[in-house]
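Hi,

Have it open while you read.

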Amino acid sequence: MHHRLVVSALIAALCGTTLAGTATSASATSASGTTASATSASATTTTSAATTASATTAPAAAVDCRRVKCVALTFDDGPVADTQRLLRILRERHVPVTFYLVGKNVQRYPATARAEAEAGHQIGNHSWDHADLTRLSRAAVASEISRTDTAIKQATGKKPTTFRAPYGAQNATVRAAAARPLVHWSVDTLDWKYRDTARLIRVVKRDTRPGDIVLMHDIHRTTVDAVPGIISGLTARGFHFVTVDQLFAPRTLPSGKVTYDNRRAYRP
């Protein structure tokens, strides 16, 4: 009887040791697996974040537009759904531009306006609903501009520092209400009228001179289609792409005055 009890005790002790060893091994394996998973997740998150950051950053090289050929491409009336496609094209080619945004479209597509700013593009005010401001009262003009300022600041975190009057229509009332530089254009592509991609590429390549501001509209698919060809054509002619502010640097544009280009500054 005593012999059987001793044997049973030994078996129990051995089983306990085996179970404890198994449990310890399983726990270690689980912990190792958890660590590996955490490491993998961390690496994935870091890679994803880095990819996103690089995808939304389009740094513009500092250039002196008094010494090299510069052009400011500008896009009016957005943002719209197709603006995201334009942003991808610009990001792939490292080209900064200036967007003149309509307030009601910013309200509809705030994430796109934010993406424009985060990518390094300049944002300007283009009124709330693209009205001819010269036909409105002083109070209505002020509302068109201030509502758009608010929408853009909510979307991007910054108030735009330049204004472009719809249709280029401006007077003393509009200039006073803007209370900042009015930036118009020196190359009118008429992309809104012709909706012809090949023509648009041809006109921009032919007509652009150093210091020019080119007017286009990203609300038209044919315009976005033309952008790769425009970039290639102007690059072949030795142009550098800059924002409006960069085009005039180090000069600061005067508030309440209309500016069309910076051709005179170019002295190679």
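This is a predicted model: local features need pLDDT of at least 70, side-chain atom pairs count only at pLDDT 80 or more; totals for chains, interfaces and linings use all residues.

Is Ser127 buried or exposed? Ser127 counts as buried, because its relative accessibility is 0% and the cut-off for buried is under 20%. Leaving out residues up to four places away in sequence, Ser127 touches Leu101, Val102, Gly103, Leu133, Glu144, Thr148, Phe163 and Pro166.

His130 has a phi near 60°, a positive value in a residue other than glycine. Most residues other than glycine have a negative phi, and most peptide bonds are trans. His130 is also buried, with a relative accessible area of 19%.

Now the overall picture. The chain has 10 helices and eight strands, and buried residues make up 40% of its 268 residues. If you take the contacts with a separation of 6 or more, 77% of them are between residues 24 or more positions apart.

Next, the strands and who pairs with whom:

- Strand 3 and strand 2 (residues 98-101) pair in the parallel sense over four bridges, with Thr98 standing opposite Gln122 in strand 3.
- Strand 2 is also joined to strand 1 by three bridges, and those two run parallel; here Phe75 stands opposite Phe99 in strand 2.
- Strand 1 (residues 70-76) and strand 6 run parallel, joined by six bridges, and Val71 has Asp212 as its bridge partner in strand 6.
- Strand 5 (residues 187-188) and strand 6 run parallel with two bridges between them, and the partner of Val187 in strand 6 is Val214.

Which way do the residues of these strands point? In strand 2, Thr98 and Tyr100 point one way and Phe99 and Leu101 the other, and all are buried. Strand 3 is covered on both faces, with Gln122 and Gly124 buried on one side and Ile123 and Asn125 buried on the other. In strand 6, Asp212, Val214 and Met216 point one way while Ile213, Leu215 and His217 point the other way, and all are buried. Because six of the six residues of strand 6 (residues 212-217) are buried, strand 6 is largely enclosed by the rest of the structure.

A disulfide is a covalent bond between the sulfur atoms of two cysteines. The link of Cys65 and Cys70 is left-handed, with -85° about the S-S bond. Both ends are buried: Cys65 has a relative accessible area of 6%, and Cys70 has 0%.

The loop between strand 1 and helix 2 (83-93) is worth a look, as it holds Pro79 and Asp77. A cis peptide bond joins Gly78 and Pro79, with omega about 0°. Asp77 has a positive phi, near 80°, in a residue other than glycine, and Asp77 counts as buried at 12% relative accessibility. Another cis peptide bond joins Ala249 and Pro250, where omega is about 5°; Pro250 is in the loop between helix 10 (244-248) and strand 8 (258-259).

Last stop, the cavity. The structure holds one cavity of 30 Å³ or more, and the largest cavity has a volume of about 40 Å³. Which helices each supply at least two residues of its lining? They are helix 7 (191-194), helix 8 (197-207) and helix 9 (221-236), and helix 8 gives the largest share, three residues. Among the lining residues are Leu190, Asp191, Tyr194 and Thr222. By class, the lining has three nonpolar, three polar and four charged residues.

Over to you!

Definitions and conventions:
Residues are numbered from 1 along each chain as its sequence is written. Side-chain values use heavy atoms; hydrogens and water are left out. A disulfide is a pair of cysteine sulfur atoms within 2.5 Å. Buried means under 20% relative accessible area, exposed over 50%, partly exposed in between (1.4 Å probe, protein chains only). On a 1 Å grid over the protein atoms alone, a cavity is a set of points where a 1.4 Å probe fits but cannot get out, and a pocket is an open set with protein on both sides within 12 Å along at least five of seven lines; lining residues have an atom within 4 Å of a point. Grid points are joined across faces, edges and corners, and a volume is the space filled by probe spheres set on the points. Ala, Val, Leu, Ile, Met, Phe, Trp, Tyr, Cys and Pro count as nonpolar, Asp, Glu, Lys and Arg as charged, and the others, Gly among them, as polar. Contact means heavy atoms within 4.5 Å. Two strands pair if DSSP finds at least two bridges between them.
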